Each structure stands twice: as structure tokens, then as C-alpha cells.
Amino acid sequence: MKKREEISSEDKWDLEAIYKNEESFEQDFKEVEKELKILLKQKDNFIENAENFTEFFQQDEKVSRLLEKLYTYAHCKNDEDKTNSTYQELKARMENIYAEYNEKTAFVIPTILKMDKNKVLEYIDKEESLKPYKHFFDIVFEKKEHILDENTEKVLSAYGPVLSASSTTASYLTDADLEFDNIHDEEKREVPFNEANYAIYIRSKNREVRKEAFKRLYEGYSKVKNTLASTYRTTVEKDAITARLRNYNSAIEMYLKPNHIPIKLYENLIEVVHQNLDTLYEYYDLKKSILNLDKFHLYDTYVSTTKRNEKEYSFAEARKIVQEALSVYGNEYSQKLEEAFENRWIDKYPNKGKKSGAYSTGSYDTLPFILLNYTNTYNDVSTLAHELGHSMHTYYTNKNNTYIEADYPIFLAEIASTTNELLLSHYMYTHSNDKEEKLSILNEKLDLFKATIFRQTMFAEFEYIVHNYTDKKNVATAEYLCDTYYQLNKKYFGDDVVVDEDIKYEWLRIPHFYRPFYVYQYATSLAISCYVAENIIKKTDLFQEKYMEFLSSGGRAFPLEVLKIIDIDLTDKKVFESAMKEFKNTLEEFKKIYNEK
């Protein structure tokens, strides 16, 4: 694996677009410290009249935007090489000043909640610049019963970095410090092994290679199970305590209620997936048959049942494919995609110490950057389309909203990305006349459903069980967590798959568990995306315009209201059931083509 300095600049994201150098960063860091002091001077009289109220929130926006810009730079630099102490310190400084900001502005919400809401509405009517804040204040007053007194809020804010430290500790352990023993490749050569190349070896056509990769990965994680169980337990217990302090009935309610997401929606997702596990079992039976295996192990689930899986795609090829696949959105979207590639929004390849995985990030005043660990697989092509979906969503929402309205709800965050994956799949399928290629594309789509609806719902169910267990003041030990996760795997893979005991350590490597009740939204988003992609492909009258309006909607309204723009109602199970039907139809199409002579 290359060192960071050995990666070509054209293959790295252009963080100089944020700050040319550390000196420029330091100038803004000093500026935000100064602007924060100005903000705090307005503490005692900011609610006295509409003018003061407006001035305070304009100043708060100035501080917030600077903080987000600084943090984007710091965390991106840190993720380039997590062994670099300079950028570890830079990120830590940003976390500290964020904590200071949160601590010193903890008075804001409690002070507003002492006001009559009609007075706030009067201020909004009087001051044009406050009108974008209307939805924000609606949310604030809805939280009234969950906001604590000013001193308590101040204390909780001050402890922010400590309360979130478990996630940081886990990240450094898994990304920088955890090392794995070597494995053997297809030519029986001993080769280095890590999280980045695990995705390659677990898909190897050579069963011994993928078996060894599977065993070696979880052997490594088993050695740190107690440490990671402790960091995760801290996260879960923090949520349980915070929920009780804030008068929520549970941790899940604390996360879902602010966005008007009913817990029943979460439970409906799990219920519909449980009702359709037979189709997933059928999918695994098909793979077992095609691979001609007597027993089907977990390390066999990732290998492709088609030949084309071995094909490699250079990044240039991936770019061309993705741009053509997403051209169905129209000229403006395509032009912005071109800019993403030409203006170095994307950090392409893995390097030593780089954060694993992929994500899109940015602030209102930066580009929507993308971190990848591209290794030339089709899965990487799909990941590129996925992360571009996020970045384009961010671009449209920032372009069409004021700062306070631009932050779209997490619940909607995965729709644009998974829609892009489906459009990519459709493009690849319709542009192929080759049986093996068509089978491969269908196989990738089936894997998408497996990974995004079934797997993420299993993760969501794991979180639901563990948080509910902890809410009742039980202690989630390493043994409890591993056993709970193992039993869920047995349920989701069925009796005909050998559920290797090593899988009980898999939860240790899932970073999203430190962002509670997030992963279920991958599943809901793919279900929604099936509907979106179908209408984009069919060119349903006015639907493209509706979808662009959806991408541009930001945080102006609660997510279930925003979804009405594209004619979706999630108060029943229909969207989830429709997605399950799509999975079944895709499986049947695969069988049909596979059996053709």
C-alpha cells in the first residue's frame, strides 16, 4: 500500500479549495474565536426585540459556517492518513472548539423556550431574514419537553467530546492500530492483509482464499473484542442516560421523534423484511447451486456467481460509465458531475493510514468532497455512483436554500445515493447483449438488495435489541453483544447456510453503530429509490422535475412531508413491500436468463 505522499495530486481531493495551507486555516481559526466572543456578548439581550433577535442569529450563522468549514478541512486531512499526528491534533482542536461553542451557546434553546412562541412568530413576520428560520423554530418548540435547564444543557455540551470519545477511540483502533496477519492469494503467495483489501479477497473465486480472508479478519477483531465492546457499550449507555434525562421513553424515540419518524415505521421495516426472508434464503440456495457447493458458508456469500466479477475497471472507465448512466437526470446534473471529476472533489485510492470505506462530506461553504478507496472492482464503480449521489444532493440543497434550511434530514440522505446505484444497474443491463454480462448485472443488483435492505435491516434490528436492552439498565457485555449478533445472523441466513461462529465478531467492525439508528435509513432509502428509479427510467410525466425539487428541498420541512414531493407516503408498508417484490422479480429474471441455452 502506498504512502500518502506517493499518491498523485490529481488522484487526491483538492482541499486547497478550502484552505491553501495551514496558515490560512489558522487565520480562520482565530477569526471564529473572535466571532464567537462577539456572539456571546449578545447573550443577555438577544430576545428583547426583533432587531436583536435577528442580529444574534445572523452572528450565530457566521460562527457556525466558519466552524463547519474549518471542521471539514480538519477531518478530511485527518482521514487522509490517520497516523499523521499533525492532523490528529488539528481535528482534536476543532472538536474542542466545537465543544466550546456548544457549551457557551447552550443558553440559546432554553432561553427561546421561555418565550411565547407567538412572540417568535411576530419577530419572523417583522424581519424578512428570519423567515427561513420558521421550520427551525417549529422544531425547537416541539422539543420543549425534552430541553433541560440552561446549566444542565451547558454541562452536557461541555462533556460533548468526552461523550463522543468512544467513537473516536474505536476509529483509531480499527483504522490505524489494528493489524492483521498475512494471508495467501490465488497463487499461494503470502500477501499483506487489511480492511481495504478484504473486499477483494472475500470475493475470490478460490474458496481457500476467501475462507482464509474471512477467518483472518475476524481472528483480528476477536483479539480486541473487549475493547470495542467497551467503546460501543459507552455509546449505547450514553444514549440511554441522555434519553432518560431528556424525558424520552427510549433511545430510539430520542433519535426518531425530532424528525417526526414514528417508531412503527422502523418496526414495519423489520416486520416486512422478516416476512420476505424466504426469498433471501432462495437467493442463497441459488448461489450454493451455481457454485456447486455441498455446504454454503458465510464466506461463500460474497463471491459472484458470474464470470464478469473478475473484470477490473480503471477509474477513468468508472467515470465514463457513471456519467453516462446518470445522464438521464438532464444537462444541469451532468455538467455538475463533470465538475466533480475535473475539479478534484474525489480522493480516489487507498493509502497507508487512510480511513477505510467511502463517504461524501462538506459544508455549506465548501465543495461536497468524496473519499473513496477505489480498487478497480465493479463494486467500486457502484460506490462512486453512490457517493456522487450524496454530493449532488448536497450541491442542490446548498444551491437552493439558505444556510439554516440547507441541512437535509438524515432520513432522506441515502435516497439520492441508492437511486444512482439502481440507475447504474439499469444502464449496465440495457447496454448489454451478453448473457454473462446480464447475469452479472442482475447479480450485482441482487447483492445491492442483500447488502442494503436485508443486511442493513439486520444491523438495525441489532441496534434496536441492544438499545432496548440497555434502556432497561442491563449491561451489554461483549458476550451478550456477540451472541445477539450471532443469533441474528442465523435468522437472516437461514438453516441452509452454515453460519460460521466467527461472524459473531462482525459487529465490531461496523462504524455506523456509533451513529445510532442511522443504518435503517439505508434500507428505507433503497425502498424509496426503487420507486424513484422506476419513474426516472419510465420518464413519468413531470417526475424528473419533482425529483430535482426533492433534491433541492433541504431541511425546509420534516422528511415525510418532503417525500410527498415525489408522491411517496411511508405511513404504511407499501413501499417496503414493493421493494421486496422488486428483489423477488430480479431473482426470477436471473434464474430465467441463467437457464437459457
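User: Which helices each supply at least two residues of the lining of the largest cavity?
Analyst: Happy to start there, and keep in mind that this is a predicted model. The largest cavity has a lining of 16 residues, and Y284, Y302, R455, N489 and F493 lie nearest its centre. The elements that each supply at least two lining residues are α15 (277–290), α21 (435–471) and α22 (478–493).

User: Which element gives the largest share of the lining of the largest cavity?
Analyst: Three elements each supply at least two residues here, namely α15, α21 and α22. The largest share is four residues, and the element that gives them is α21.

User: How many residues of the lining of the largest cavity are nonpolar?
Analyst: Let's sort the lining by class. Two of its residues are polar and three are charged. The nonpolar ones number eleven.

User: Which residues lie nearest the centre of the second largest pocket?
Analyst: This pocket holds about 870 Å³ of space. Its lining is made of 31 residues. Nearest the centre are M1, N194, A196, N351 and K352.

User: Which element gives the largest share of the lining of the second largest pocket?
Analyst: Two or more lining residues come from α9 (165–177) and from α10 (195–201). By class, the lining has 14 nonpolar, eleven polar and six charged residues. The largest share, five residues, comes from α10.

User: Is Y159 buried, partly exposed or exposed?
Analyst: Y159 is found in the loop between α7 (150–158) and α8 (160–163). Together with V155, V162 and L163, Y159 forms a nonpolar patch on the surface, with about 370 Å² of accessible area for the group. The relative accessibility of Y159 is 48%, and the middle class runs between 20% and 50%. Y159 therefore counts as partly exposed.

User: Is S417 buried or exposed?
Analyst: S417 lies in helix α20 (residues 415–430). Buried means under 20% relative accessible area. S417 has 0% relative accessibility, so S417 counts as buried.

User: How far apart in space are S417 and L388, C-alpha to C-alpha?
Analyst: Along the sequence, S417 and L388 are 29 residues apart. In space, their C-alpha to C-alpha distance is 6.9 Å.

User: What is the phi of N292?
Analyst: Most residues other than glycine have a negative phi. N292 is found in the loop between α15 and β3 (296–297), and counts as exposed because its relative accessibility is 67%. Although N292 is not a glycine, its phi is positive, at about 55°.

User: Where does D567, with its positive phi, lie?
Analyst: D567 is a residue other than glycine with a phi near 65°. At 45% relative accessibility, D567 counts as partly exposed. Its place is the loop between α25 (559–562) and α26 (574–594).

User: Why does the salt bridge of K43 and E150 tie together parts of the chain, and how many residues apart are they?
Analyst: The side chains of K43 and E150 meet at 3.3 Å, N to O. K43 lies in the loop between α1 (22–41) and α2 (50–80), while E150 lies in helix α7, so the pair ties together separate parts of the sequence. K43 has 33% relative accessibility and therefore counts as partly exposed, and E150 is also partly exposed, at 25%. The separation in sequence is 107 residues.

User: Is D185 buried or exposed?
Analyst: D185 forms a salt bridge with R189, with the closest N and O atoms 2.8 Å apart. The relative accessible area of D185 is 6%, so D185 is buried.

User: Which helices does the salt bridge of R319 and E342 link?
Analyst: The closest N and O atoms of R319 and E342 are 2.7 Å apart. The two residues are 23 residues apart, and the pair links helix α16 (residues 315–325) with helix α17 (residues 331–342).

User: Which residues do salt bridges with shared partners join into one network?
Analyst: The structure holds 47 salt bridges. Some share partners, and these join R4, K77, E80, D347 and K354.

Key: Residues are numbered from 1 along each chain as its sequence is written. This is a predicted model: local features need pLDDT of at least 70, side-chain atom pairs count only at pLDDT 80 or more; totals for chains, interfaces and linings use all residues. Side-chain values use heavy atoms; hydrogens and water are left out. On a 1 Å grid over the protein atoms alone, a cavity is a set of points where a 1.4 Å probe fits but cannot get out, and a pocket is an open set with protein on both sides within 12 Å along at least five of seven lines; lining residues have an atom within 4 Å of a point. Ala, Val, Leu, Ile, Met, Phe, Trp, Tyr, Cys and Pro count as nonpolar, Asp, Glu, Lys and Arg as charged, and the others, Gly among them, as polar. Patches are made of residues with over 30% relative accessible area and no salt bridge: like charges are joined within 9 Å, nonpolar side chains (Val, Leu, Ile, Met, Phe, Trp, Tyr) within 5 Å. Accessible areas come from the Shrake-Rupley method with a 1.4 Å probe; for residues, only the protein chains shown count as cover. A salt bridge is a side-chain nitrogen of Lys or Arg within 4 Å of a carboxyl oxygen of Asp or Glu. Buried means under 20% relative accessible area, exposed over 50%, partly exposed in between (1.4 Å probe, protein chains only). Grid points are joined across faces, edges and corners, and a volume is the space filled by probe spheres set on the points.
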